[in-house]
Amino acid sequence: GVRLHPGNKPEDTDGCLIPGMKTDAANDMVLQSKVAYDMLDAMIREAKERGDRVWVTIINPSTEPVAGA
């Protein structure tokens with residue numbers, strides 16, 4: 001299955017989602033991934049504790065191809 005986890009470069013994933021606070025397009029990197037992951041993990045855990053369902057919507061406003069895709 002597709003998972004969310006920290007990482008910085010395309011080689012850190014095999015189709016999973018890597019959250020980040022910033023990007024470094026020149027170096028094809030996601031930055032501050034651990035910070036973003038920890039925030040998302042806390043939000044997801046809180047929602048699940050309330051009995052809420054959690055959905056992830058991926059929006060890519062760029063018309064450029066995604067590196068590593």
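## The loop between the two strands

In this predicted model, aspartate 28 sits in the loop that links strand E1 (22-24) to strand E2 (29-31). The backbone at aspartate 28 has a phi near 55 degrees, which is a positive value in a residue other than glycine. With a relative accessible area of 37%, aspartate 28 is partly exposed, because its value falls between the 20% limit for buried residues and the 50% limit for exposed ones.

Glutamine 32 is found in the loop between E2 and helix H1 (33-49). Although glutamine 32 is not a glycine, its phi is positive, at about 55 degrees. The relative accessibility of glutamine 32 is 41%, and the residue counts as partly exposed.

## The chain as a whole

Read along the sequence, the elements follow the pattern β-β-α, and the chain contains 2 strands and 1 helix. The chain has 69 residues, of which 12% count as buried. When contacts between residues at least 6 apart in sequence are considered, 20% of them join residues at least 24 apart. The accessible surface of the chain comes to about 5700 Å², and carbon and sulfur atoms account for 54% of that area.

## Salt bridges within the helix

Side chains of opposite charge can pair when their charged atoms come close. The structure holds 3 salt bridges, and among them is the one in which the side chains of aspartate 38 and lysine 34 meet, at 2.9 Å from N to O. Both aspartate 38 and lysine 34 belong to helix H1, where they stand 4 residues apart, about one turn of the helix. Aspartate 38 is partly exposed, with a relative accessible area of 36%, and lysine 34 also counts as partly exposed, at 49% relative accessibility.

Another salt bridge brings together the side chains of aspartate 41 and arginine 45, with an N to O distance of 2.8 Å. Aspartate 41 and arginine 45 both lie in helix H1 and are 4 residues apart, about one turn of the helix. Aspartate 41 is partly exposed, with a relative accessible area of 22%, whereas arginine 45, at 53% relative accessibility, counts as exposed.

## The salt bridge of aspartate 52

Aspartate 52 forms a salt bridge with arginine 50, and the closest N and O atoms of this pair are 3.0 Å apart. Aspartate 52 counts as partly exposed, at 36% relative accessibility, while arginine 50 is exposed, with a relative accessible area of 57%.

Key:
Residues numbered from 1 in each chain as written. Predicted model: local features only at pLDDT ≥ 70, side-chain atom pairs only at ≥ 80, totals over all residues. Heavy atoms only, no water. Buried < 20%, exposed > 50% of the residue type's maximum accessible area, 1.4 Å probe, protein only. Contact = heavy atoms within 4.5 Å. Areas by Shrake-Rupley, 256 points an atom, 1.4 Å probe, with all protein chains shown as cover. Salt bridge = Lys/Arg side-chain N within 4 Å of Asp/Glu carboxyl O.
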